[in-house]
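Student: I'm new to this one. Could you walk me through it, one question at a time?

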Amino acid sequence: MAVTDAQVATSGHGYKEGSITIGALAYDAPLSPCPTDITFTVNRGGVYMELLQKSSTIRFTQKELENHPEWWGLPEGHAPLKGLLGARLEGTGGEACGMILVSHKRHGEFTEEDEVMLTQLCQLTSLAIRHIEARNVVEKHAAELESLSKRLRESEEMFREFFANAPIGLAILGLDGRFQEVNQAYCRIIGYDREEIFQPDFTFMKVTHPDDVEENLAEMNRVLKGETGSFFIEKRNIRKDGSIIWVRVSATQCRDPEGKSARLIAIVEDIHDRKQAEEALESRRQTTGPSSILPTTASSSSVQSPELSWT
């Protein structure tokens, strides 16, 4: 949801004979959640079938969605939609195996940039699904180990290549706050080389503005306590040259085989231009009065004193 600024998201996989298993549901809007059935059947065509059988992506405003010739509405108990953006998950042979859908964009309608970002996220997810499937098959069928290990290596190489070349910043952090892996896009955001980032004394706190450290640590503590599996914040990073850059971070925990938190995977987006535009609007509002521009909203949250003190 952080990538597309949506407030509602769902993912489904295992598409077979019209049935899809819901993999995840996420809400950040005052809506009644959808029914919690783990599967649903696509048996009346509609825009979902267009995504699964024809197009790799769909993007509709609410008006376009309601006027679509294949739109038949929503099942009873389903939360209302406000526009729709979707991208297809694909299996090893390129066949549709699921989809990710988002709705209720916070500001305006979904854009072509949102569509590109969701497509890239689905490509990464599809690669991860293929990797997991290949790994599970290797573990189950030892007799096919040689050929399947080759597929696994190829899948891992594809994942590494996508990670390295993704246009958005990606970082993997240990629970000590040190970086285990970063891509080139993240290096460009903070202005440091990979060799510098992997130094023993280099943690995420080194590039986090002092005024934002407390909130960042509080969110990470929530993950470590098991209160949430992920978090999203907007904060300031300090680049190597000393300049400040605003970023949007969406971080998710990864667990070890015993179910314990092992590391965090973070998606880092440069939002500096947007923040500057918001500051310009606020400055104009203060100068000319609130009636001259549309009001903007901001959210803040109070945090507990951090329990972690990485250096």
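Student: In the hairpin of E10 and E11, which residue takes a positive phi?

Tutor: This is a predicted model, where local features need pLDDT of at least 70, side-chain atom pairs count only at pLDDT 80 or more, and totals for chains, interfaces and linings use all residues. Residues are numbered from 1 along each chain as its sequence is written, and side-chain values use heavy atoms, with hydrogens and water left out. Strands (E, at least two residues) and helices (H or I, at least four) are DSSP runs numbered from the N terminus. Five residues sit between strands E10 and E11, and the one with a positive phi near 85° is Gly-259.

Student: How many bridges join E10 to E11?

Tutor: Strands count as paired if DSSP finds at least two bridges between them. Arg-248 stands opposite Glu-269 in E11. E10 and E11 run antiparallel, and the number of bridges joining them is nine.

Student: Which strands stand at the edges of the sheet?

Tutor: It's an open sheet of five strands with antiparallel pairing, in the order E8-E7-E11-E10-E9. Each edge strand has a single partner, so one side of it is left without a neighbour in the sheet; the two are E8 and E9.

Student: What stands opposite Ile-238?

Tutor: Look at E9 and E10, which pair in the antiparallel sense over nine bridges. The residue opposite Ile-238 lies in E10, and it is Ile-244.

Student: At what angle does H7 run to E9?

Tutor: Axes are lines fitted to C-alpha atoms, for helices over the stretch in contact, and angles run from 0 to 180 degrees between N-to-C directions. H7 lies across E9, E10 and E11, and its angle to E9 is about 155°.

Student: How many residues are in the largest nonpolar core?

Tutor: A nonpolar core is a set of buried Ala, Val, Leu, Ile, Met, Phe, Trp, Tyr and Cys residues joined through side-chain atoms within 4.5 Å. In the largest one, the residues with the most contacts inside it are Phe-179, Tyr-186, Ile-190 and Ile-197, and its residue count is 26.

Technical notes
Buried < 20%, exposed > 50% of the residue type's maximum accessible area, 1.4 Å probe, protein only. Contact = heavy atoms within 4.5 Å.
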